[in-house]
Structure formats: structure tokens, C-alpha cells
Amino acid sequence: MAQGTESPAGPPGGTSAGTGKGAADTSGTAAYLDRRTLRRGSAGWLLLTGLGVAYVVSGDFSGWNIGLSKGGFGGLAVAMLLMGVMYACLVFALAELSAILPTAGGGYGFARRALGTWGGFLTGTAILIEYILAPAAISLFIGDYVESLGLFGLTSSWPVYLACFAIFISIHLWGVGEALRFSLVVTAIAVAALLIFAVGAFTEFDAGRLNDIPADTTAFGSNSWLPYGLLGIWAAFPFGMWFFLGVEGVPLAAEEAKDPVRSMPKALAISLAVLVFLALITFVSATGARGADAIKEAGNPLVVALQGGGEPTVLSRFVNYAGLAGLVASFFSLVFAGSRQLFALSRAGYLPRFLSLTNRRKSPYLGLLIPGIIGFTLAAWSGNGGRMLNVAVFGATISYALMALSHIVLRRREPELPRPYRTPGGAGTSSVAFVLACSALVATFLVDRDAAFIALGVYAVALAYFAFYSRHRLVAGAPEEEFAALAAAEAELRRG
């Protein structure tokens, strides 16, 4: 048994395997895990691919364009390219890691094996920050869309946010298969709308509009393509991420996937390829249709790109409604991802264990309801979606760096570990992801320093809880903990 872990039936603190002090009682493990079981085999590669695209697709409809106000077209283009490379390298690394350890723990499980309990908790907490804050922010954007479209006379207010959480969490409670099929349908609508938008926008395309933001002559290296200079590229990093943010959450569905060893790498690769294509056509067509300066601060840049005279067109109204579908798809899938990461951390004892209980349909009902309550409260109280998304991005970049580091460590420390899928380029690929993730983490301070410090404050509270309480009460029978304990036992045998 790993140091600091215990059986659910054993005493707090547990015992360590190989210490000569005896093993903890494991008689309650089976009953404990039986109440914390997900529905296996519910998602094939197609549903997993849809999940990967759904995490991200709302970022194509809004948010990315703010990067134009930080770096101009050239700055955001370079930032998007570099962040695309980061996500590609990270996805290849995660494909290998998820084939080695196909459990709901995702990033936490990978880091637990490579970096120990502290590394696992740090990674899992960062992922939770991303997946709890992002839905709260998106619920505000959904409210804005509902109000702007005049749907049912509703305004962007707490009843709309409450409806988002209540309706979509209810679908998740119904069952993972039903939830992922719903997500796939809504995502397909959003993707179709992006393709139709691009066709319409390219009819208005003018290359001269791409670099129409006046250059800041005081910025180092500024020109028409880099109006804010070379530093603008770095400042645009977080917005380049918006085209891909969330795709790394696909491995969190591993326990509910059909043949995860094969389907997970396939779904990750296809979803990233789709996202890269959508990012390119959306970015270029929207900016060229109306101009970088016109859409750089628009809340709905695709609609602005289509409304040359300011009056709504049939196509712009269609894209406006489809944007709502994209927001719903991302909201829905991010709720799923957050519940699975919370489920895995709770099942292993890092967070209160009751959060991992599942209902008769094998959904972690408290892992869905409690983050939902937190998200709704934050949305209704704050009303600042941009700030919450910046906090989410900060958490995301920390998790990326730690997951990439986990791949590097496992490649070097356990080269003989069976790997059904191997990352092209090996540790070199994940090293690129690690460096770029660290660069993006620093860039978040350039965009919103307050958001970065808020995320650090949440981190500090979580770490205090782990340091003084939960690390002494970990559950050895949890899959991620057993996987790490096996590695420790094998290492001890080799030393002996």
C-alpha cells in the first residue's frame, strides 16, 4: 500500500507496504468502490470525439477575438500557432498516458503515478479550478445570448443561469450515454454553423482588413501585423488557447469508454484535428470579413463580422442562434469533465469521500450537484464571465505543465512500462508542451493579474486542506492509488 493511504475500512493514516508493520484491513474496499462505480462501455470513439470538440467549440464563437486587442492579427496568429503546437504535443502525451491508465482520474491519475500524492493533488485541483469556473462563466454568456436574441423576453439574470445548471445537470444525472449523445447533437449543430459562417464570411473577405489596427509606435517591434509589438504575441497566448481549451478533458471519460486503450487516442487525435481546422477558418474568415479593429472587442465577433451595415441578416441571426448552441455544448461537456475529476479525487480520499457516491444510473450525483451549486452561486454573485474564464485559464495552464511533466517523468523513470500507444517524439514532444504551458501560465499575469491571484488563493486553501487533513486519509483501493502503489512496490523489489 502506498504511503499515507488507507483502506476505507482501515484506520486513518494507514500503513506502508513493505515496512514490516503489516497491511491495513481491506475488507471494506469492495463495498466502498461498489457505491462509487461509473457505467462502463457507454462511450465509443465517436461520442468521445464529440465530447472533445464540445469542450472547446464555444471558444470559436466568442472570446478569442480579444486577443486581437492584445497582439493584433499577427500577434494572435503566432499565439494561436504556438498554443496549437502546445495542445498537439499535450494531446499526444495524454493519448499515451490514458492508454496506460484508463480511469476517471485523468490528469490526477497520471500525475499521481509520476509525481506522487502531492503532484496528483496539485494537478487534480488545477483541473477542477478550470472545470468548475468555466461553466459558471459560460452560463453568463448564455444569458447574454438569450437576452440579445430576445428569447421569451428573458434578460441575462439568475433565473437563466439557474435554468442552465438545473436542466443540463439533470440530463447528466439521467446517464452518461444519454448525456454524451445530447452533447454530440448540439456540438454537430454548432460545428455546422461555423462551416456555414465561414462560407458566408469568405464572400466578404479582404486581406487588407486583417492588419487594420493602428500600430503602437512605442511598442518594441511594432508594425502593421504586430501593432502591439513582440510582447503582444505573448499577451495573446491565453486567447490563442481559447480555440483549444478543454480538449485535454477527454481522458476523464476513460472509465465510461468502450475499449479506452484504442478509442481514447483515436478520439483525442480526431477532435484536435477538427478543432485546428475550425480555428483556422473561423479566425481568418471573421477577421478578413470585417477587419481586426472592428471585431477585437466584440462580444459576438462572428455576428459583427457578418453585419456590415450593422443590420441583422438571415445568416447573422442563424449564427447568433448557433452560437447559443455552441455555448450549451461547451457548458454541458465541461460540467461532465468537472464531475469526473471531482469523482476521482473524492473516491481516492483527496476530497471528502461522499462526493464520489453514484446513483442507480451510475452518475456521481453529488459530484454534479455540488459543483453546480458553486457555479451557479459564482455566476449569480459575480456576473463577470471574463474574470472567471481567466481564472479557469490559469488553472488550465498549471495542469498542462504538470501533465506534460508527468509524461516526461514516466518515460524516463519507467521506460519498460507497457504502453499500448506511444507518443510520437517521446519525452521531446511533452517537453515542448511543458515549456509552452509554462510560458502561457506567465502570460496570464499579463492579461489579468487579479484573476491569477484569485486562482492562487483558491489553490492555497485547497493545499492547506490536503496538507493538514486529506493526505493522511487516502484510499488505497482507488484505481489511481493502486496503480501508483504497484509502481512503488515494483521499485522496492528492484532495490531489494
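Me: At what angle do H5 and H15 pack?
Reply: About 160°, with the axes of H5 (residues 107-149) and H15 8 Å apart. Axes are lines fitted to C-alpha atoms over the stretch in contact, and angles run from 0 to 180 degrees between N-to-C directions. This is a predicted model: local features need pLDDT of at least 70, side-chain atom pairs count only at pLDDT 80 or more, and totals for chains, interfaces and linings use all residues. Residues are numbered from 1 along each chain as its sequence is written, and side-chain values use heavy atoms, leaving out hydrogens and water.

Me: Roughly parallel or antiparallel?
Reply: H5 and H15 are roughly antiparallel (over 145 degrees).

Me: What residue classes make up that contact?
Reply: The contact of H5 with H15 has 26 nonpolar, seven polar and three charged residues.

Me: Now Ser406. Buried or exposed?
Reply: Ser406 is buried, at 0% relative accessible area (buried is under 20%, with a 1.4 Å probe, protein chains only). Ser406 sits in H15, residues 385-413.

Me: What does Ser406 touch?
Reply: Leaving aside residues up to four places away in sequence, Ser406 touches Phe110, Ala111, Ala114 and Leu115 (heavy atoms within 4.5 Å).

Me: And how far is Ser406 from Gly109?
Reply: C-alpha to C-alpha, 9.8 Å in space, and 297 residues in sequence.

Me: Switching to H2 and H10. How do their axes cross?
Reply: At roughly 40°, coming within 8 Å, for H2 (residues 45-56) and H10 (residues 260-290).

Me: Which residues meet there?
Reply: From H2, they include Trp45, Leu48 and Gly52; from H10, they include Met264, Lys266 and Ile270. The contact of H2 with H10 divides into nine nonpolar, four polar and one charged.

Definitions and conventions
Helix = DSSP H or I, 4+ residues; strand = E, 2+ residues; numbered from the N terminus. Buried < 20%, exposed > 50% of the residue type's maximum accessible area, 1.4 Å probe, protein only. Parallel < 35°, antiparallel > 145°, perpendicular 65-115°, else oblique. Nonpolar A, V, L, I, M, F, W, Y, C, P; charged D, E, K, R; others polar.
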